[in-house]
Amino acid sequence: MPDELVVSRTLVIPATELRERFSRSSGPGGQGVNTADSRVELSFDVENSPSIPAHLRTRILNRLANRLVDGVITIAASEYRAQLANRAAARERMTALLRQAAEPPPPTRRDTKPSRGSRERRLTDKKRRAQTKQSRRVRHDD
């Protein structure tokens, strides 16, 4: 398993900044249910990390604000029975989450005017529809 998390070309998180904590998984088990610490909690201090550039740090902190606790993001993985598989799953999820939070915002949308042809088509369709409805009316001559 690689020691560092490669989020993008410009963002690589060294293993020294990641904290792993192991505990027992909940749910059904077997003989090793009381002894195997297969659940993994992977934590990363986004706020105080020296490996995140300043322009990315503010973007990541803003986008992950509801998931951070004191500037630290924590991912828990317990879907596999093996600790190694849970470690890999937690690292994958952390990488995907940081990659998504670090990507640049989409370009702003510029308003466009409807084309001359589309305006003319809309008006002719309106006139045609109005004539259709006009022809359906019953006229009462007094």
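## A guided reading of the predicted chain

Pro114 lies in the loop between α2 and α3, where helices (H or I, at least four residues) and strands (E, at least two) are DSSP runs numbered from the N terminus. At 52% relative accessibility, Pro114 counts as exposed; the classes are buried under 20% relative accessible area, exposed over 50% and partly exposed in between, with a 1.4 Å probe and protein chains only. Between the C-alpha atoms of Pro114 and Leu5 the separation is 48 Å, and the two residues are 109 residues apart along the chain.

The model is a predicted one, in which local features need pLDDT of at least 70 and side-chain atom pairs count only at pLDDT 80 or more, while totals for chains, interfaces and linings use all residues. Residues are numbered from 1 along each chain as its sequence is written, and side-chain values use heavy atoms, with hydrogens and water left out. The predictor's confidence in each residue, pLDDT, runs from 0 to 100. Its average over the chain is 85, and 90% of the residues score at least 70. Where pLDDT is low, the predicted coordinates should not be read in detail.

Three strands form an open sheet in the order β3-β4-β5, with antiparallel pairing; two strands pair if DSSP finds at least two bridges between them. Because β3 (18-23) and β5 stand at the edges with a single partner strand each, one side of each is left without a neighbour in the sheet. On average, neighbouring strands of this sheet are turned by 20° against each other, direction ignored; the axes are lines fitted to C-alpha atoms, for helices over the stretch in contact, and angles run from 0 to 180 degrees between N-to-C directions.

Strand β4 pairs with β3 in the antiparallel sense over 6 bridges, and 6 bridges also join β4 to β5, again antiparallel. Individual partners can be followed along β4. Leu18 stands opposite Phe44 in β4, and Phe44 has Ile73 as its bridge partner in β5. The bridge partner of Glu41 in β5 is Ala76. Of the 7 residues of β4, 5 are buried, so the strand is largely enclosed by the rest of the structure.

Ser43 also lies in strand β4. With a relative accessible area of 11%, Ser43 is buried. Its side chain is joined to that of Thr74 by a polar contact of 3.2 Å; such a contact is a pair of N or O atoms within 3.5 Å, and within protein one must be able to donate a hydrogen and the other to accept it, with residues adjacent in sequence counting only if both atoms are side-chain atoms. Leaving aside residues up to four places away in sequence, Ser43 touches Glu17, Leu18, Arg19, Val72, Ile73, Thr74 and Met94, contact meaning heavy atoms within 4.5 Å.

The next topic is the nonpolar core, a set of buried Ala, Val, Leu, Ile, Met, Phe, Trp, Tyr and Cys residues joined through side-chain atoms within 4.5 Å. The largest such core has 24 residues, of which Phe44, Ile60, Leu64, Ile73, Met94 and Leu98 touch the most other members. At least two residues of this core come from each of β4 (39-45), α1 (54-63), β5 (72-77) and α2 (83-102). The greatest share is that of α2, with 7 residues. Ile60 touches Leu11, Val46, Ile52, Leu98, Ala101 and Ala102, not counting residues up to four places away in sequence.

Helix α1 also holds Thr58, which counts as partly exposed at 46% relative accessibility. Thr58 and Glu47 are 11 residues apart in sequence and 8.8 Å apart in space, C-alpha to C-alpha.

Asp70 is found in the loop between α1 and β5 and, at 71% relative accessibility, counts as exposed. Most residues other than glycine have a negative phi. Asp70, although not a glycine, has a positive phi of about 55°.
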